[in-house]
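Please examine the sequence and the structure shown here. The briefing that follows begins with a single residue and then turns to the chain as a whole.

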Amino acid sequence: MRTLFVFLVSTFFIVMAQPAFSAGFALKEQSASALGNAFAGATAAAEDVSYMFFNPAALGQLEGNQLSVVGSYIAPSSEMKDGTATTILGTPIGGNSSEGDAAKNVVLPAGYVSWALTDEWRFGLAVTVPYGLETNYDRDWIGRYHAVNSRLQTMNINPVLAWKANEKVTLAFGFQAQYAEAELTNAIDFGTIAMAAKAKAQADGKDIELPDATPAGHDGYAKMEGDDWGFGYNLGLMIEPREGTRIGLAYRSKVHHNLRGDIDFRLDNDGVGAALSQATGRFVDSRITADLTTPETVSIGLYHEITPRWAVMADATLTRWSRFDELRVQFDNPAEEDNVTIEDWNDSWFYALGLTWKPSEKYALRIGVAHDETPIPDRTRTPRIPATDRTWLALGGHYKLNDSWGFDAGYTHIWVEDSSIELEATPTNDTFRGNLDADYENDIDIVTLSATYTF
């Protein structure tokens with residue numbers, strides 16, 4: 001238990017020190033061995049303890065007790081070009097119309113441990129980062145009213161109990177305790193807001209004292225932060241109808257977060273924001289609340305050994321991203337209306353095929369391809385997550401040093417289709433964020449390493 005405590009606490013601090021980026025915000029990079037096959041067969045292969053992330057019933061296939069530490073270096077690239085932006089009034093928004101790399105290179109950690117309690121029962125523990133993102137833009141870019149910095153970090157603690165009913169069937173149940181922390185920043189167009197406030201006051205026959213303002217000429221800044229713990233579960237089934245052939249089924253539940261935190265406003269230097277705040281009661285630092293639900297997933301996988309040296313595998317995962325219909329921030333300040341970003345994401349599929357060759361007991365070579373559908377509709381794509389469909393090509397290898405130590409490495413290049421943003425300001429959506437059109441060129445490189453100790 002002391003080993004468990006040290007493992008859990010140390011992994012917690014590693015995880016919280018590392019922000020993550022993904023095209024979407026689900027992160028599959030939790031296993032070096034599974035990455036080598038582009039996660040084909042991740043639900044059924046059970047090569048080592050890290051496969052419990054994809055199917056907790058993988059524990060039933062393991063020999064002895066295992067401890068595994070995984071690290072992924074993720075190098076995404078997301079370059080914006082040919083951007084144009086105007087306010088809802090048609091005023092051009094000045095600033096950088098091209099951005100370098102909005103995505104940040106990061107290290108993503110994961111840790112796993114399993115114990116054989118009896119011949120039939122196994123206990124496992126996973127500490128992972130299943131969701132995360134980070135994008136960063138210059139504060140003076142043309143889309144600054146939509147986004148400047150966006151960051152989501154999670155940590156998932158997942159204890160699992162697996163029961164090997166017989167030589168062919170394993171069932172597993174896990175509990176999820178998930179911590180989420182988010183930070184969003186963006187500029188505020190006090191010039192356009194002031195003109196709209198004056199026009200509304202005149203229409204209502206009221207008098208409002210505001211200095212003269214120019215649309216997109218008086219920028220403020222807002223920073224929102226919040227965090228929360230949420231809870232869920234996961235289920236797994238592993239069937240081995242014949243030796244060397246396995247079928248896996250897995251389900252991971254949604255986890256609901258009620259993020260609670262603060263918003264801090266920085267007003268402009270010209271007094272427009274301060275006058276607006278005094279006249280309306282808005283733009284005052286306050287507590288905020290935002291709901292975030294990480295989606296449930298359903299996976300099916302197949303692993304088949306053609307010969308003792310050759311194996312093929314396949315996987316398919318459905319993610320219920322349709323739960324992410326809007327990002328709504330509510331304020332304790334009653335003068336501040338809800339800040340809403342329409343998302344309307346769709347459910348999406350991930351498909352993968354893989355091949356493994358084991359030239360000897362010490363070595364294994366892996367290859368895999370995958371297609372990852374984006375859940376983001378073209379009409380609601382935002383600069384916070386400018387993602388689209390992805391195609392994976394992965395390579396990997398395994399080296400067994402001795403009966404206790406095994407090492408895995410995986411590399412993948414992900415071709416991300418070019419994406420575009422076409423956001424239109426209306427009286428009900430993006431009103432003061434403005435119109436934004438931009439094209440993005442995206443791709444991702446990932447290297448994952450792991451060390452597994454069997455005892």
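**Briefing on the predicted model**

Thr293 lies in strand S10 (residues 286-294); helices (H or I, at least four residues) and strands (E, at least two) are DSSP runs, numbered from the N terminus. This is a predicted model, in which local features need pLDDT of at least 70 and side-chain atom pairs count only at pLDDT 80 or more, while totals for chains, interfaces and linings use all residues. Residues are numbered from 1 along each chain as its sequence is written, and side-chain values use heavy atoms, with hydrogens and water left out.

**Surroundings of Thr293**

- The C-alpha atoms of Thr293 and His256 are separated by 4.3 Å, although the two residues are 37 residues apart along the chain.
- Leaving aside residues up to four places away in sequence, Thr293 touches Lys254, Val255, His256 and Arg323; contact means heavy atoms within 4.5 Å.

**The chain as a whole**

- The secondary structure comprises four helices and 19 strands.
- Along the principal axes, the C-alpha atoms fill a box of roughly 80 × 40 × 30 Å.
- Buried residues account for 54% of the 455 residues; buried means under 20% relative accessible area, exposed over 50%, and partly exposed in between (1.4 Å probe, protein chains only).
- Of the contacts between residues at least 6 apart in sequence, 74% join residues at least 24 apart.
- There are 35 positive and 62 negative side chains, and the centres of the two sets lie 6 Å apart. Lys and Arg count as positive and Asp and Glu as negative, whereas His and the chain ends are not counted. The place of a charge is taken as NZ of Lys, CZ of Arg, CG of Asp or CD of Glu.

**Aromatic pairs**

- The structure holds 27 aromatic pairs. Rings of Phe, Tyr and Trp (its six-membered ring) pair if their centres lie within 6.5 Å; planes under 30 degrees apart count as stacked, over 60 as edge-to-face and the rest as tilted.
- The rings of Phe25 and Trp321 form an edge-to-face pair, because their planes stand at 75 degrees, with the centres 4.7 Å apart.
- This pair links distant parts of the chain, 296 residues apart: Phe25 is in the loop between helix H1 (2-16) and helix H2 (32-35), and Trp321 is in the loop between strand S12 (310-319) and strand S13 (326-331).
- Phe25 counts as buried at 3% relative accessibility, and Trp321 counts as buried at 6%.
- The rings of Trp405 and Phe407 are stacked, because their planes are at 10 degrees, with the centres 6.0 Å apart.
- Trp405 is partly exposed at 35% relative accessibility, and Phe407 is partly exposed at 33%.
- Ring pairs also link Phe39, Tyr51, Phe53, Phe54, Phe350 and Trp392 into a cluster.

- Asp372, in strand S16 (residues 363-372), is buried with a relative accessible area of 9%.
- Not counting residues up to four places away in sequence, Asp372 touches Trp349, Phe350, Asp389, Arg390 and Trp392.
- Asp82 has a positive phi of about 55 degrees although it is not a glycine. Asp82 is located in strand S1 (residues 66-86) and counts as exposed at 54% relative accessibility.
- Asp344, also not a glycine, has a positive phi near 55 degrees. Asp344 belongs to the loop between strand S14 (339-342) and strand S15 (348-357) and is partly exposed at 30% relative accessibility.
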